[in-house]
Amino acid sequence: MIIPCLNEEQGIESVLRRMPEFVDEVIVVDNGSTDRTSDVAKNYGAIVIRENVRGYGRSYKTGFGKATGDVIITLDGDHSYPPDAISYLLEAFLHLDVDFLNASRFPVRDRQAMSFKHKFGNLVLSLAMSILYLRWVRDSQSGMWVFRRSILNDMKLVSDGMAFSEEIKIEALKSDRVRFAEISIMYTSRLGEIKLNPWRDGFYNLWFLVKKRFP
């Protein structure tokens, strides 16, 4: 389990408190937090790694380098993704016999979890990715995945920012050896400060999709 965090002391406590006991390795990558994120995570038994170079993708790459399990699960530290769904995702991962399972936030059942602007932006990005890579992906921006660690060896992951979420899915889709699937989960309102800049990050991610497709 890898959880990137930036000032998520409120959310990470709720996430780790609900973490299933069968998850034997929880790595929290503290991306330069100025609050008690690291202390809270350590108190709940997580392995805490400090990555001072800011970036969502940078945090994940650091976490991947420390992970030892054959299967990696990810989610955000803001409590918007459900730790309770981990067993459900693992069952689906094994039943579908895939290498990469994406947890789609859609349809969003909690009306407070995502604004119309964010829903529209996600739709545009997912449609663009589906068209560019000729494979329907319902949630290109989801931050909860289950995948075999071995597939990272053949991936060319260059993004250090928010575009990393779509890039790792692109790399999975491009490979003939990676079996990709997607199922829905319950997505809820985050705890703590919102750090996503919808316009800046949205346009950058759209540009990144095109750049990745036509280098």
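Biologist: Which residues are linked in a network of salt bridges?
Modeller: Glu-51, Arg-58, Lys-61 and Asp-160 form that network. A salt bridge here is a side-chain nitrogen of Lys or Arg within 4 Å of a carboxyl oxygen of Asp or Glu. This is a predicted model, where local features need pLDDT of at least 70 and side-chain atom pairs count only at pLDDT 80 or more, while totals for chains, interfaces and linings use all residues. Residues are numbered from 1 along each chain as its sequence is written, and side-chain values use heavy atoms, with hydrogens and water left out.

Biologist: What is the N to O distance for Arg-58 and Glu-51?
Modeller: Their side chains meet at 3.6 Å, N to O.

Biologist: Is Glu-51 buried or exposed?
Modeller: Glu-51 is buried, at 11% relative accessible area. Arg-58 is partly exposed, at 29%. Buried means under 20% relative accessible area, exposed over 50%, and partly exposed in between, using a 1.4 Å probe and protein chains only.

Biologist: How many salt bridges in the whole structure?
Modeller: The search finds 15. One of them joins the side chains of Arg-18 and Asp-84, at 2.6 Å from N to O.

Biologist: Where do Arg-18 and Asp-84 sit in the chain?
Modeller: Arg-18 is in the loop between α1 (9–17) and β2 (27–30), and Asp-84 is in the loop between β4 (71–73) and α4 (86–96). The pair links distant parts of the chain, 66 residues apart. Helices (H or I, at least four residues) and strands (E, at least two) are DSSP runs, numbered from the N terminus. Arg-18 is partly exposed at 30%, and Asp-84 is partly exposed at 47%.

Biologist: What about Asp-154 and Arg-177, what's the N to O distance there?
Modeller: That salt bridge is 3.0 Å, N to O. Asp-154 lies in the loop between β6 (145–148) and α6, and Arg-177 in the loop between α6 and β7 (180–184), so the pair ties together parts 23 residues apart in sequence. Asp-154 is exposed at 51%, and Arg-177 is exposed at 62%.

Biologist: Switching to helices. At what angle do α3 and α6 pack?
Modeller: Helix α3 (residues 56–66) and helix α6 (residues 164–174) pack at about 55°, with axes 9 Å apart. Axes are lines fitted to C-alpha atoms, for helices over the stretch in contact, and angles run from 0 to 180 degrees between N-to-C directions.

Biologist: Which residues make the contact?
Modeller: Tyr-56, Gly-57, Tyr-60, Lys-61 and Phe-64 of α3, with Phe-164, Ser-165 and Ile-168 of α6. Contact means heavy atoms within 4.5 Å.
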